[in-house]
Amino acid sequence: MGSNNRAQTMEIERDNLDEMTEQCDDLKRVPPWNKQITVRGIVASLFIGIIYSVVVMKLNLTTGLVPNLNVSAALLAFVFVRAWTKLLEKANFTATPFTRQENTIIQTCAVSCYSIALGGGFGSYLLGLNKRTYEQAGVDTEGNPPGSYKEPVLDWMIGFLFVVSFVGLLCLVPLRKIMIIDYKLSYPSGTATAVLINGFHSAKGDKMTKKQVHGFTKFFSLSFIWSFFQWFFAGGDQCGFVFFPTFGLKAFKQSFYFDFSMTYVGAGMICSHLVNLSLLLGAVLSWGIMWPLIGKKKGDWFPQNIKETSMESLNGYRIFISIALILGDGLYNFCKTLWFTFRSMHSAFKKKNLQTAPESKNQTLEARRNEVFIRDTIPFWLALVGYILFSIISIIVIPIMFPPLKWYYVLVAYIFAPSLCFCNAYGAGLTDMNMAYNYGKVALFVLASMVGKENGVVAGLIGCGLIKSMASISSDLMHDFKTGHLTLTSPRSMLVSQVIGTAIGCVVAPLTFFLFYKTFDVGNPNGEYKAPYALIYRNMAILGVEGFSALPHHCLHLCYGFFGFAVLANLLRDVGPGKSGKWVPLPMAMAVPFLVGAYFAIDMCVGSLVVYVWHRIDKVRAPMMVPAVASGLICGDGLWILPSCILALFKISPPICMNFLPSKSS
């Protein structure tokens, strides 16, 4: 066993040495920055961005839980351009060589496009403004005054995104060298994407790449065909495989069933076992134990003759206990990330003047990567002028769109935003955790309480969007700069591709949202597209305005308990024994099924089971093939959403309703 491990280690070291030699050779033929951006690359980015915008929007409007898809986007970019070049070769046309730099640019542009669908608030703070969410939060609630809503319309949504999205691209550009080269932040997702892209374009990785492409194509086709097949049986309310009572009708009523969604199975394959098991634990605790018990308190804890969807009924407990878990987890990680950030910065300053070791081959490669990264400078004045210009536009336009949020609140937000963005991007570089939503929640509570009862909800939600958008986009940009640093891609071309992708996303994301909003019953608490975070964010704003008076009877005690549990669970994971601490559940993951239901947690656990079995059967190939297969499942199911929406818009319904009823004897 020991000799085998030594042999594998030596082989890995040889491969790493070969890769370093290959990359050193690549340094001599890095194309100029403007040649790294191609027309076919922009077309590929648009195609990938649309697919992933649809996938992300579906996840946003159903569960609100979206896995990291950067690696998947890099793989799809490679598949798309390789297929295109092969077609041209068969047609006797000469195709431009496909480089790792072009692959990186496509991935960056596509990710920045679908990131608008992810972080643009379509499933949270923007949707929390609509009339349906306003009514679900309680029309008679003091902190939810009449008229405090704004219906989604394409023009103001596109305008809002253009106003707030570009500011985040510019605020940290002058710090790229400090964060990537001086502090040597790892940015794990950006590094993983770079490793994948470098593997695609190396001689050693060609064989495995072909297997990955084959696996992606195969499961993409199967997923698309399976979704198409399911459509025929979904001709009515609660019809089709989506409502298959896998564990019996009683379990089905408590949302325990497998709904055959390849999107969630694929997402479960990408997410860690701990995330999926935490989801399942949250589902069992809430829908299996708590809600049935609290439901029996009807007439005691809450009125007998009130709808279950009311905030004064069972739904109130679901919402606010979810909020308690989210806030407990968020506050702990927020403080932990700040602590690590400042401690790491202090250590970096102390080590700055230490003498460096003799240069090795690896250090030579690093030095040359740094040379490429610094060579194409982005002028400081350009970033500064751009930031000030977009900030002024926001200060003028946003109060016109949303009168409750006064111009001076926007001004203060943009004064403090760069420091918040730096803290978030630095923390993400250390931990791979983008904490933008926590910075947004802080802004939400502060603004909601400062503005007051009449306008606090709207001001809080939009202020949350400003800070969250900036912090998220600037952190994503640093992830992409890290990928570019490792793939020898010019930061100037990376920034241009980010701008192009963001501009595309500001149009594609709202169009994708309205495809769902006009086709499906978005916001229905009993439907598929529950949009849980829209209600959660609105109730956070109400909580900021009203305080604890917004809570139902005895809900405050439960919230205290779950808030404390979230803090304690995180503490145990960080300071507990290594082997046991890593299995402590994640409160943020547990919170999602509290409101949404158990079905998607079961789907995710099926994905986790597939990965576990695969690793047991084939330890060598599984790590490389799992992302490809998962991406195929997600993209196939996601692509089917487009034709299904078009069919629904043309009033073409599925021909069959497959439903399940109890037998007469039962």
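Ile 400 lies in helix α16, which covers residues 380–401. Helices here are DSSP runs of H or I with at least four residues, numbered from the N terminus. The model is predicted, so local features need pLDDT of at least 70 and side-chain atom pairs count only at pLDDT 80 or more, while totals for chains, interfaces and linings use all residues. Residues are numbered from 1 along each chain as its sequence is written, and side-chain values use heavy atoms, with hydrogens and water left out.

Ile 400 counts as exposed because its relative accessibility is 65%; exposed means over 50% relative accessible area, buried under 20%, and partly exposed in between, with a 1.4 Å probe and protein chains only. Together with Phe 380, Leu 384, Ile 388, Ile 392 and Ile 396, Ile 400 forms a nonpolar patch on the surface, with about 610 Å² of accessible area in total. A patch of this kind joins nonpolar side chains (Val, Leu, Ile, Met, Phe, Trp, Tyr) within 5 Å, each residue having over 30% relative accessible area and no salt bridge. The areas come from the Shrake-Rupley method with a 1.4 Å probe.

Phe 660 is found in the segment after α26 (622–649) and is partly exposed, at 29% relative accessible area.

In one of them, the side chains of Lys 58 and Asp 637 meet at 3.3 Å, N to O. This pair links distant parts of the chain, with Lys 58 in helix α3 and Asp 637 in helix α26, 579 residues apart. Both Lys 58 and Asp 637 are buried.

Arg 40 is in α3 (residues 39–62) and Glu 102 in α5, so the pair ties together parts 62 residues apart in sequence. Arg 40 is buried at 15% relative accessibility, and Glu 102 is buried at 4%.

Rolling a probe the size of a water molecule over the atoms shows where empty space is left. Across the whole structure, a search finds one cavity of 30 Å³ or more. The largest cavity holds about 70 Å³ of space. Its lining includes Val 111, Ser 112, Asp 476 and Thr 502. At least two lining residues come from each of α5 (100–119), α19 (456–486) and α20 (491–519), and α5 gives the most, with four.

Two loop residues remain. Most residues other than glycine have a negative phi. Asn 92, in the loop between α4 (70–90) and α5, has a positive phi near 65°. Ser 255 also has a positive phi, of about 70°, although it is not a glycine; this residue lies in the loop between α11 (249–253) and α12 (262–270). Asn 92 counts as exposed at 73% relative accessibility, whereas Ser 255 counts as buried at 9%.

Conventions: Patch = residues over 30% accessible without salt bridge, like charges linked within 9 Å, V, L, I, M, F, W, Y side chains within 5 Å. Salt bridge = Lys/Arg side-chain N within 4 Å of Asp/Glu carboxyl O. 1 Å grid on protein atoms, 1.4 Å probe; cavity = no way out; pocket = protein on both sides within 12 Å on 5 of 7 lines; lining within 4 Å. Points joined across faces, edges and corners; volume = space filled by probe spheres on them.
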